[in-house]
Amino acid sequence: MRASYVTNYTTESATKTPVLKKEFAANLDVRAKMLISFSVSLAVIPLYHIEALAILLTVSLAYLLSIRRFWITLVAYITLAFLCGLAILSSFMVSHLFPNMKGLTLATFILPFIRIAILLNVILVMAITSRVQGMLQGLKSLRLPYFIYLPAAVMIRFIPVFIKDVSQIKDSLKTKGYDIRPVFVCLHPFFTVRLLFVPLVIRALRSADELGIAAELKGVGLRDNISHYRKKQLGKSDYVVLLLTLAILAVAFGIQYGFVS
Amino acid sequence: MTDKSPLVIGISQPRKRYWQPRELVVIGVFSALIKLSSLLIAIAGGGMNPVTLGLKNLVATMLLVVLIAKVRKPGTLLLFVVISSIVSALLNSVQLFLLPGAIIAALTGEVVLYLVRKHHELASILMSIAIFDFVSRLISLTLSYLMFRESMGLFVMAAIIIAIGYIGCVLGLGSGILFTKELKHAGIIRH
């Protein structure tokens, strides 16, 4: 039955997930990481001074490197550099096609990508070090109404399950002689949808039916109050990191507006 | 059994809710599926090329048609948009800026569905999704203009990307009809 499969997957994935407890970012509360991500994403929009952005980039890169996932960091940065190069090339071509769009400098193109790199650093830390349970606790702490909390919790819980499903479908397709690679996807887009997504949608619909029945049988949604099995408070390290984030953002704004030299 | 029967005396009756847990679970599962499939196509297609860009939107719209065909209630589209935006904001807080635009687009789609007053018909569902897609693309285009107003070259590139995405959405409506009909035939969608 599907429900038992979900349980098996949880225990299986818990044992397979690399242990990140040694790194301080892994021990931070998911709400603290969300707040860091949110404050940084808010701050990078008004910031335009290259030195202010450079400080944020350096600190956020150190934050990302502290979790010691160097391979993922390298791949993410190579992808970002590739996208940056592609955007510069495309804009160069557009400026040749439309001469009145000329007059753009390299700095004009680089600044948006520095912003993206800063966001990438904080988001990668959150994505790599946060577990599904932590995300659910974060969601619960937002005190959303039942009709928003339930589907959002299901959504967070099911993303890893579907990733597992996709890899299983890909394996089964390999045994039939289909290898889903970028060239194959570009040459046969509709066939890829048929091969990969039709079984996935049918699995999703079955899972939704079973989980919905299980939720109704357990009485989910009959009462307004959701009781908490375990309440997690923000720790000392979370407050220290949040204060540090605020201080760094204040320095960046100080540099931009000339309060800090 | 009436409310005054001996079995229910002393037990407060649960409130009748508009959204049943089963419907909410379907919305959650489909939100996860739509988010994941967009990500997977982008990865499988090796980045942002026009084919994967169109395909990503095609699959997202197709799944949205299936979702609304499965949960035929006013507000499904709006709830889907709100939940997707909240979870996206949990993963990437920048998405919070897109939330008002997405809600406006979903509200427009819902208003159209309300005015038509035919929630059970596939044609009105398709019209509502088509309008939602169109309005959300229009809002994206406006936001792109605000972001890149100093460098029109980048705005043109953003406009091209949005246009390719919208073509994918239109194709997704067609494939959504076919998919829903197949699922009805298989008895998975019972309306």
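Among contacts in chain B between residues at least 6 apart in sequence, what percentage join residues at least 24 apart? The share is 70%. The model described here is predicted.

**Chain B as a whole**

Chain B holds 6 helices and 0 strands. Read from the N terminus, its elements follow the order α-α-α-α-α-α. The table gathers totals for this chain.

| Property of chain B | Value |
|---|---|
| Residues counted as buried | 52% of 191 residues |
| Accessible surface | about 9100 Å² |
| Part of the accessible surface belonging to carbon and sulfur atoms | 71% |
| Contacts joining residues at least 24 apart, among those between residues at least 6 apart in sequence | 70% |

**Val87(B)**

One residue of chain B can be followed in detail. Val87(B) is part of helix H3, which covers residues 76-91 of chain B. Its relative accessible area is 2%, and because buried means under 20%, Val87(B) counts as buried. Within chain B, Ser31(B) stands 56 residues from Val87(B) along the chain, and 9.4 Å separates the C-alpha atoms of the two.

**Arg68(A)**

In chain A, one loop residue has a backbone angle to note. Arg68(A) sits in the loop that lies between helix H4 (50-65) and helix H5 (70-97) of chain A. The phi of Arg68(A) is positive, at about 60 degrees, although this residue is not a glycine.

Technical notes:
Residues numbered from 1 in each chain as written. Chains lettered and ligands numbered in written order. Predicted model: local features only at pLDDT ≥ 70, side-chain atom pairs only at ≥ 80, totals over all residues. Heavy atoms only, no water. Helix = DSSP H or I, 4+ residues; strand = E, 2+ residues; numbered from the N terminus. Buried < 20%, exposed > 50% of the residue type's maximum accessible area, 1.4 Å probe, protein only. Contact = heavy atoms within 4.5 Å. Areas by Shrake-Rupley, 256 points an atom, 1.4 Å probe, with all protein chains shown as cover.
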